[in-house]
Amino acid sequence: MHSINPNDWRLSVAPMMDWTDRHCRYFHRLLSPNARLYTEMVTSAALVRGKQLRLLEHSQQEHPVALQLGGSDPQELAQAARHGAVAGYDEINLNVGCPSDRVQSGRFGACLMREPVLVGDCVKAMRDAVSVPVTVKCRIGVDDQDEYADLQHFTETMLEAGVEVLVVHARKAWLQGLSPKENREIPPLDYQRVYRLKREFPELVVVINGGITTVDAVREHLMHVDGVMLGRAAYHDPYVLARVEHALYGVPLPTRENVLQHMRPYVEAELARGTALKHISRHILGLYQGEPGARGFRRVLSEGAHREGAGWALIEQAMAPMLAAA
């Protein structure tokens, strides 16, 4: 088996449905050479029963990149994990944190926090199937699981199953009464509970996720846990990845224009394959977040990207005023 290096999880970008597709990950990699990237959640059923192996597509530049799976059938997850490992993913992550209705009806995601033994069985089956790390992403609890003891018990069960890396979204999930969007915002963050977990299970690589948006916050968390996972901040203000990368690894800060120029060969190759520009450009809308002219940059891309024949020239057009102002 592999040996785990906690530094490999120091910085990562969360798996986000409808967001962290392969175009997004390629862009994030340009901003952050060291961050660990995660796919959107792929259900084990889609890979195994639906034979949707195209869902595993990714480019070599994305590594290190992890495949996140959703499911609760140990054998099916083991098979899906095998597909992921064969496709070249560096890690297989099991989703035990997503609160959407669709997920609950399929008995996976956050509702599995109530069934730690089943999650343990899933992890064991996946670990037996692949040689890359199998990790788990969970919440600090669900619904009336208010006690730290619930999280403690869940974590003990994960350790027994062989989990070495646990990513914890520091909010509870309310499975009834809150939408997935509200579940990302309303339940209060409890970072102390995650810190405590690390103190009590020092052998476990603990990665914290939820509401982390600045370099200072990342530094603060890293004094208590092994790694930080950025979610929506990395999507809405992607340049934060470059700032964190610079702070943690000393990588020189690229200019935003430089990042886009490095994106050009990728964009042109994808357009040549028949990918529409809008599928790529939607991920770069936030690049100038907080900068003068950011709104104009977004508008040019949003209005033009879905038009027939939209190509690299549109991105140049959006960049032009930014370059002139620089």
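Which residue lies over the face of Tyr239? Arg256 does, at 3.9 Å from the ring centre. The points below set this contact beside other features.

1. Basis of the note. This is a predicted model, in which local features need pLDDT of at least 70, side-chain atom pairs count only at pLDDT 80 or more, and totals for chains, interfaces and linings use all residues. Residues are numbered from 1 along each chain as its sequence is written, and side-chain values use heavy atoms, with hydrogens and water left out.

2. Charges over rings. Besides Arg256 over Tyr239, Arg10 lies over the face of Tyr249, at 5.4 Å from the ring centre. A charge sits over a ring if NZ of Lys or CZ of Arg is within 6 Å of the ring centre and within 35 degrees of the ring normal.

3. Aromatic pairs. The whole structure holds 3 aromatic pairs. Rings of Phe, Tyr and Trp (its six-membered ring) pair if their centres lie within 6.5 Å; planes under 30 degrees apart count as stacked, over 60 as edge-to-face and the rest as tilted. Trp19 and Tyr235 are stacked, with 4.5 Å centre to centre and 5 degrees between the planes. This pair links distant parts of the chain, 216 residues apart: Trp19 is in the loop between β1 (11–13) and α1 (22–31), and Tyr235 is in helix α10 (residues 232–236). Helices (H or I, at least four residues) and strands (E, at least two) are DSSP runs, numbered from the N terminus.

4. A second stacked pair. The ring centres of Tyr26 and Tyr266 are 4.0 Å apart and their planes lie at 15 degrees, so this pair is stacked. Tyr26 in helix α1 and Tyr266 in helix α12 (residues 256–273) are 240 residues apart, and their pair links distant parts of the chain. Tyr26 and Tyr266 are both buried (buried means under 20% relative accessible area, exposed over 50%, partly exposed in between, with a 1.4 Å probe and protein chains only).

5. Strand β6. Because 9 of the 9 residues of strand β6 (residues 134–142) are buried, the strand is largely enclosed by the rest of the structure. Strand β5 (residues 91–96) pairs with β6 in the parallel sense over 5 bridges, and Ile92 has Val134 in β6 as its bridge partner. Strand β7 (residues 165–173) also runs parallel to β6, joined by 6 bridges; here the bridge partner of Arg139 is His169. Two strands pair if DSSP finds at least two bridges between them.

6. Glu62. This residue lies in the loop between α2 (44–48) and β4 (65–70) and is buried, with a relative accessible area of 1%. The Glu62 side chain reaches the backbone nitrogen of Ser59 at 2.9 Å. Neighbours within four places in sequence aside, Glu62 is in contact (heavy atoms within 4.5 Å) with Arg22, Arg25, Tyr26, Arg29 and Leu37.

7. Glu57. The loop between α2 and β4 also holds Glu57, which is partly exposed at a relative accessible area of 33%. Among the residues in contact with Glu57, beyond its neighbours within four places in sequence, are Arg22, Arg25 and Tyr89. The side chains of Glu57 and Arg273 are joined by a polar contact of 2.8 Å. A polar contact is a pair of N or O atoms within 3.5 Å; within protein, one must be able to donate a hydrogen and the other to accept it, and residues adjacent in sequence count only if both atoms are side-chain atoms.
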